[in-house]
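Here is a short briefing for a first look. Please view the sequence and the model before reading on.

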Amino acid sequence: MEGSFGWVAVFAIILAAVNLEAAPRQAVPTVCPSEDSLEETVLLAHESDCSKFYVCFLGEKILKECPYRNSRGDRLHFNPLLQVCDYPLEAGCKLQPIASKQLTTSVAVPLTKQPPSQLTTPHNIPSSISSTNSSNQIKYKEHQCTCNLYYENVNNSYILRQCSKDFCWNQDLQICYRPESIKCMQQRISTTTIMLPFDITCTEGDYVKHECQCTLYYQCKNGLLVLKECPNSLHWNEKSKSCTSKETANCEKPVCKEGPYKPHPCECNLYYKCINNDYVLQKCPNGLDWDRRNNACKDPKDAGCRPVCKDGPYKPHPTDCDKYYKCENGDYVLKTCPSGLHWDRERNICNKPSEAKCPNSRCIEGTTMPHQCECNLYYKCINNDFVLQKCPNGLDWDRRNNVCKDPKDAGCRPVCKDGPYKPHPTDCDKYYKCENGNYVPKTCPSGLHWDRQRNICSNPSEAKCPNFICIEGA
């Protein structure tokens, strides 16, 4: 089994080397995001064990362990900066792995205080994905050269397996996953895909040439392709169906079918170069991206790899002051400023309404507006909306000076030039009352006259209406 552990170690070195070329994160993540990104999977370091880490999924932490690096049961350490399992010296973890009597991987359990019935079980990550079997051997390992193939350890034999169409094997998560949904640097160097029948079957006893390695081949046992390796660095001879010398076997590696260069599937500054019939990962100099049309490293503006939006990184909303658009992957995505803030078109930030000066604002912060019909009420602009306000008791809103004043000075309530009341010119029991600046005719109760002196309806003897005409003797 030393060979198997050595293979894992080699893979870890390659994976770490690839990530060392990539720009390190600005900050090591410490919490799971509330929403999963389609561009990368967030991994968190374990609190007390260097060999463990968490995979973030739907806001939950799912416990994982790094692969073994030797037959003694020592594991690789999680490197939080590069987001990979790495050699302890490279990972730089100062904690110590927790010793255990059995070299088995813990079941992946979301760390939450919720009862078991409420735990989140991701549909595309198994609830238990131990990387080893009961014999402490590697349970799954990725294929040497293809993205959609992998191996499963069944009774100490590695059986060739294949992911469904458009899916690739992810060694870290131990699942088949869409490549665009996984952080690219956590996958393998090669992205070559070889389509085989979904149910990989064979004729008992047959031997099959390996897809890309001359020293490997498959033997059909029980209808399954079992991985085999030629001894003493011999090569598989497809004609004789046996392991022979390199010269006799005449093994030819696959030719780079896609040309001398191939762009990286998700990193703009990476590409592949065909070297000895293999695509080898390359990186553009700092600040440059790979130009897929001209097969050269160029300025990102000219390379055309990174998606851009024609109106720039931000765009204001056409009608709502608290909303704006942000360019994400070439498309504008609607965003909303925190409560009470407006989008500042000059600074491209969410700002106070008074500083943002949104041209579409329904009102300017702090301005006032009189009520439609009530003199003691008015509106004040607060957070882009007119909010109803009321003057203190006994005061009216002065529309000219925008303050609450005495009704006489406020000038809100309408007046009539002849005063609040006016007698009828001919009828003693009628009078006029000033309402909203106009005189409205009124009638006193039966038997009463309008008293011009006291502006009330009173007895005829007290009202003394000058227009009163009586019948002689009445």
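Predicted model: local features only at pLDDT ≥ 70, side-chain atom pairs only at ≥ 80, totals over all residues.

Residues are numbered from 1 along each chain as its sequence is written, and side-chain values use heavy atoms, with hydrogens and water left out.

**Record**
- UniProt, in an unreviewed entry, places the feature "domain: Chitin-binding type-2" at residues 29-95, 199-253, 267-305, 306-360, 374-412 and 413-467. Its positions are given in the numbering used here, feature names are shortened, and annotations may be inferred rather than shown by experiment.
- Over residues 374-412, the chain is 10% helix and 46% strand. The end C-alpha atoms of that stretch are 9 Å apart.

**Sheet**
- Three strands form an open sheet in the order 21-22-23, with antiparallel pairing. Strands (E, at least two residues) and helices (H or I, at least four) are DSSP runs, numbered from the N terminus. Two strands pair if DSSP finds at least two bridges between them.
- Strand 21 (314-316) and strand 23 (331-336) are the edges; each has a single partner strand, so one side of each is left without a neighbour in the sheet.
- Strand 21 and strand 22 (residues 323-328) are joined by three bridges. Lys315 has Tyr325 in strand 22 as its bridge partner.

**Disulfides**
- The structure holds 14 disulfides, a disulfide being a pair of cysteine sulfur atoms within 2.5 Å.
- Cys214 lies in the loop between strand 11 (207-209) and strand 12 (216-221), and Cys251 in the loop between helix 3 (246-249) and strand 16 (261-263), so the link ties together parts 37 residues apart in sequence.
- Cys321 and Cys358 form another, at 2.1 Å between sulfur atoms. The link is left-handed, with -75° about the S-S bond.
- Cys337 is joined to Cys350, S to S 2.1 Å. The S-S torsion of this pair is about -80°, so the disulfide is left-handed. Cys337 is in the loop between strand 23 and strand 24 (342-344), while Cys350 is in strand 25 (residues 349-351).

**Burial of the cysteines**
- Buried means under 20% relative accessible area, exposed over 50%, and partly exposed in between (1.4 Å probe, protein chains only).
- Cys214 is buried at 8%, and Cys251 is partly exposed at 23%.
- Cys321 and Cys358 are both buried.
- Cys337 is buried at 6%, and Cys350 is partly exposed at 23%.
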